[in-house]
Amino acid sequence: MSLKCLRKPFGTLPLMLPFLLYMMAGPSFIWSVLVYASSAVPPVSGEVELAVSVFPQSRTVTQGNPVTFPCGTTGMPIPAMKWIKDGVVVNSSDSTHFIITATISGAFSYNSLTIQNVKREDAGTYWCVAVNDYTNITSAKALLEVFGPPIFSVNPVSLNVSSNSSFSLSCQADGQPYPVSVTWWRNDEEITQANSSRQELTLYIPGLTESAEYYCVAVNSHGTTRSSVA
């Protein structure tokens with residue numbers, strides 16, 4: 001009987017431990033232990049791994065039309081999102097040209113970039129970046145190609161030359177879609193055949209006895225453009 005009496009208190013010791021701690025250390029010690037234990041456990045409901053679920057897709061548009069790139073993420077906390085073009089953050093303050101919209105539903109965030117009245121200089125590579133308190137992720141990259149009439153990057157330059165002295169003039173036209181055909185004109189008459197194998201043409205003139213006007217005409221499937229007159 002004496003053995004059973006000795007074992008009974010030790011058998012109930014685990015159940016009595018909180019009471020003993022309370023009696024020895026006081027309630028402030030117990031409260032600090034509980035606070036520390038709760039802070040050591042990460043919140044489950046407030047954190048969802050960040051991932052891109054909707055990717056921007058490469059697009060080809062005609063100059064003057066709008067285009068929209070979508071980007072969607074899942075993750076908590078809700079991330080801040082921004083758009084990048086060729087390594088530079090898109091200027092969202094220019095609302096007359098760029099429109100960025102955002103929608104949030106639970107852990108899903110949707111963000112879109114719309115370019116109104118697309119210009120040649122809008123062509124490039126676009127992607128979105130999402131950042132929250134724990135990480136940042138980058139979407140796949142999307143290429144924007146802009147089609148339109150050719151544009152001249154090199155125009156013929158006016159010259160003052162002596163009578164019967166030789167000289168040359170150059171022009172260059174670019175712009176998708178290719179091919180771009182370029183011809184030379186003198187006094188509104190075509191003097192060379194269309195050349196679509198290259199967009200740069202140099203015209204050699206052996207000499208003139210009177211003044212004349214020269215210019216280039218570039219043509220692709222989206223239109224015709226004339227250079228400045230030399």
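## Cis peptide bonds

P177 is found in the loop between β12 (167-174) and β13. In this predicted model, the peptide bond that joins Q176 and P177 is cis, with omega of about 5°.

A cis peptide bond also joins M76 and P77, where omega is about 0°. P77 sits in the loop between β3 (67-76) and β4 (80-85). As background, most peptide bonds are trans.

## Residues with positive phi

Most residues other than glycine have a negative phi. N164 is not a glycine, yet its phi is positive, about 65°. The loop that holds N164 runs between β11 (151-154) and β12. N164 is exposed because its relative accessible area is 54%, and the cut-off for exposed is over 50%.

N187 has a positive phi of about 50° and is likewise not a glycine. N187 lies in the loop between β13 and β14 (189-190). With a relative accessibility of 43%, N187 counts as partly exposed.

T183 belongs to strand β13, which covers residues 181-186. T183 has a relative accessible area of 8%, and buried means under 20%, so T183 is buried. The side chain of T183 makes a polar contact of 2.9 Å with the side chain of W185.

T225 is part of strand β17 (residues 223-226). Its side chain reaches the backbone oxygen of P150 at 2.6 Å. P150 is also among the residues in contact with T225 once neighbours within four places in sequence are left aside; the others are P149, F152, C216, V217 and A218.

## The largest pocket

The volume of the largest pocket is about 250 Å³. This pocket is lined by 16 residues, and those closest to its centre are L159, V161, L208, S211 and A212. Sorted by class, the lining has 9 nonpolar, 6 polar and 1 charged residues.

## The protein as a whole

The protein contains 3 helices and 17 strands. Of its 230 residues, 30% are buried.

Among contacts with a separation of 6 or more, 61% are between residues 24 or more positions apart.

Technical notes
Residues numbered from 1 in each chain as written. Predicted model: local features only at pLDDT ≥ 70, side-chain atom pairs only at ≥ 80, totals over all residues. Heavy atoms only, no water. Helix = DSSP H or I, 4+ residues; strand = E, 2+ residues; numbered from the N terminus. Buried < 20%, exposed > 50% of the residue type's maximum accessible area, 1.4 Å probe, protein only. Contact = heavy atoms within 4.5 Å. Polar contact = N/O pair within 3.5 Å; in protein donor to acceptor, adjacent residues only side chain to side chain. 1 Å grid on protein atoms, 1.4 Å probe; cavity = no way out; pocket = protein on both sides within 12 Å on 5 of 7 lines; lining within 4 Å. Points joined across faces, edges and corners; volume = space filled by probe spheres on them. Nonpolar A, V, L, I, M, F, W, Y, C, P; charged D, E, K, R; others polar.
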